[in-house]
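This report goes through one protein model, from the chain as a whole to single residues. Please keep the sequence and the structure in view while reading.

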Amino acid sequence: MRAYPLRLLVALVLLVAALAGCGKGRAITSSSRGGAQTTAPQASGVVGISTKNTTRLGGVDAASDAASVARAVYPGLTPATRPQAVALVDERDWPAALAASVLASAPLGAPLLYADGDALPSVSADALRAMRPLGSSSLGGAQVVQIGSTSALPGGESARAIAGAANRDPAALAASVLRLAATVDGRPAEDVLIVADDAPRALQMPAAALSAESGAPILFVTSSAVPAPTSAALAALHHPTIYVVAPQTLHASAYAQLSRLGTVVHVSGGVAGGEAGAGGEAGAGGGGGGGESLDPVQNAISVSRFSRGSFGWGIHEAGHGLVFANAARALDAPAAAPLSAHGDYGPLLLLADAASVPATLTRYLSDIEPGYTAAAPPVREVYNHGWLIGDEDAISANAQAELDAVLEIAPRQPSAAEGSVAQAE
């Protein structure tokens, strides 16, 4: 049973250590603070495997995955490829990691690295040294935003700290990150994302990519209530638009409270998304998603499809970056957030397990598969590209091959309009 994956791996390109910003990996060099050229530190465990339509970033754990993504987005070779700041989060603090995703958005564009309590894994330290953050003027020159981590920094970088959820509840933590994001933006947020912190993490994961792309901070509620720190943060924004991710997870009581604080919109499925009234659209069982199941794979697809005006991914056609992660590896969602705010800006899509691509995801990818005709040949069309997060324990080589095939541009029958144009030409 292992023979086929091994043969496939022989056909793939093995990329070791840091990857260039376009996703084509190679060992990189970086100039030191004094300007001399040095070889960038090799990041242990950071490996990329590529096919023609996919690039794999990461390794055996969340710290490796985050470091690989960070160094792909910011190889640190020139001032333009060095971040202003890096977010450093304790990997044991899920709410902190998810809330930190907004810092990957413009204008800060901070990639995320993971600490392990008070220790800094070597892969994170190597990535931080290689990226050499410039320092953010909006944060008083801070090069690192530490969220729930007090680990020592390898180069004595200047840091700004936010206490993690271990010391403060998730709602208070997220409100602190929201205020930090407003400091960077120079203005309060007009849109926010709401996530139920007692919902399965796999249902929360797509919020990371949407936050990074949109710049909308993430705030936490419970399935049945709005905590005081979240309520206060929303009240201070003076009736923002409140986008609820995985809306099925909230009960009517939570929607009733949210509707008094802003315009509530379900991030669910269709092109325009539905606004919720005083009681939301959710009943006591949390059925606010228009009848959709609580399936993490389908929920991520719904987030990818959703748009309301200029907000949201709204991906119903070909020509996009797409980020794939295993639903069981929640920390990979914040780790991959920079890929949703740079390069080809991809939403997060989920696999239920490592072995294969779920049928619902295959159908969605088939719906947005690129195509070409004689009138519009491949060089005149658009393409899809997939970023795969983690090693083969996260997404197998077989699953990667399946994704590569469904992302490939394919011949299709021209429409009547295209045929008329071709004949006229």
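What percentage of the 425 residues of the protein chain count as buried?

## The chain as a whole

Of the 425 residues in the protein chain, 57% count as buried; this value, like those that follow, was computed from a predicted model. The chain holds 14 helices and 19 strands. Its accessible surface comes to about 15,900 Å², and carbon and sulfur atoms contribute 55% of that surface.

## A parallel sheet of four strands

Four strands, in the order E7-E6-E8-E9, form an open sheet in which the pairing is parallel. Strand E7 (112–115) and strand E9 (159–162) are the edge strands, each of them pairing on one side only. On average, and with direction ignored, neighbouring strands of this sheet are turned by 25 degrees against each other.

Strand E8, which covers residues 144–147, pairs with E9 in the parallel sense over four bridges, and Ile147 stands opposite Ile162 in E9. Helix H5 (residues 170–185) lies across both E8 and E9, and its direction is at about 145 degrees to that of E9.

## Helix H5 against helix H8

Besides lying across E8 and E9, H5 packs with helix H8 (residues 228–236) at an angle of about 25 degrees, the two axes being 7 Å apart. Because angles under 35 degrees count as roughly parallel, H5 is described as roughly parallel to H8.

On the H5 side the residues that meet the partner helix are Ala171, Ala172 and Ala175, and on the H8 side they are Pro229, Thr230 and Ala233. By class, the contact of H5 with H8 consists of five nonpolar residues and one polar residue, with no charged residue.

## Helix H10 against helix H12

The axes of helix H10 (residues 296–305) and helix H12 (residues 359–367) come within 9 Å and cross at roughly 20 degrees, so H10 is roughly parallel to H12. In H10 the contact is made by Val297, Gln298, Ile301, Ser304 and Arg305, while H12 contributes Thr360, Leu361, Tyr364 and Asp367.

Which classes of residue make up the contact of H10 with H12? There are four nonpolar, three polar and two charged residues in the contact, whereas the contact of H5 with H8 has no charged residue.

Why is helix H4 (residues 122–131) described as largely enclosed by the rest of the structure? Eight of its ten residues are buried, and H4 is therefore largely enclosed. The buried residues in H4 are Val123, Ser124, Ala125, Asp126, Ala127, Leu128, Ala130 and Met131, a list that includes the charged residue Asp126.

H4 is followed by Arg132, which lies in the loop between H4 and E8. Phi of Arg132 is near 45 degrees, a positive value in a residue other than glycine. Arg132 has 6% relative accessibility and so counts as buried.

## Further loop positions

His239 is placed in the loop between H8 and strand E12 (241–245), and its phi, near 65 degrees, is likewise a positive value in a residue other than glycine. Is His239 buried, partly exposed or exposed? With 48% relative accessibility, His239 counts as partly exposed.

In the loop between helix H3 (94–99) and E7 one finds Pro107, and a cis peptide bond, with omega of about 10 degrees, joins Ala106 to Pro107.

Ser340 is found in the loop between helix H11 (332–336) and strand E16 (348–351), and because its relative accessibility is 1%, Ser340 counts as buried. Although Ser340 and Ala212 are 128 residues apart along the chain, their C-alpha atoms are separated by 6.0 Å. Leaving aside residues up to four places away in sequence, Ser340 touches Ala209, Ala212, Glu213, Trp313, Tyr345 and Gly346.

How values were computed: Residues numbered from 1 in each chain as written. Predicted model: local features only at pLDDT ≥ 70, side-chain atom pairs only at ≥ 80, totals over all residues. Heavy atoms only, no water. Axes fitted to C-alpha atoms, helices over the stretch in contact; angles between N-to-C directions. Helix = DSSP H or I, 4+ residues; strand = E, 2+ residues; numbered from the N terminus. Parallel < 35°, antiparallel > 145°, perpendicular 65-115°, else oblique. Contact = heavy atoms within 4.5 Å. Pairing = 2+ DSSP bridges. Buried < 20%, exposed > 50% of the residue type's maximum accessible area, 1.4 Å probe, protein only. Areas by Shrake-Rupley, 256 points an atom, 1.4 Å probe, with all protein chains shown as cover.
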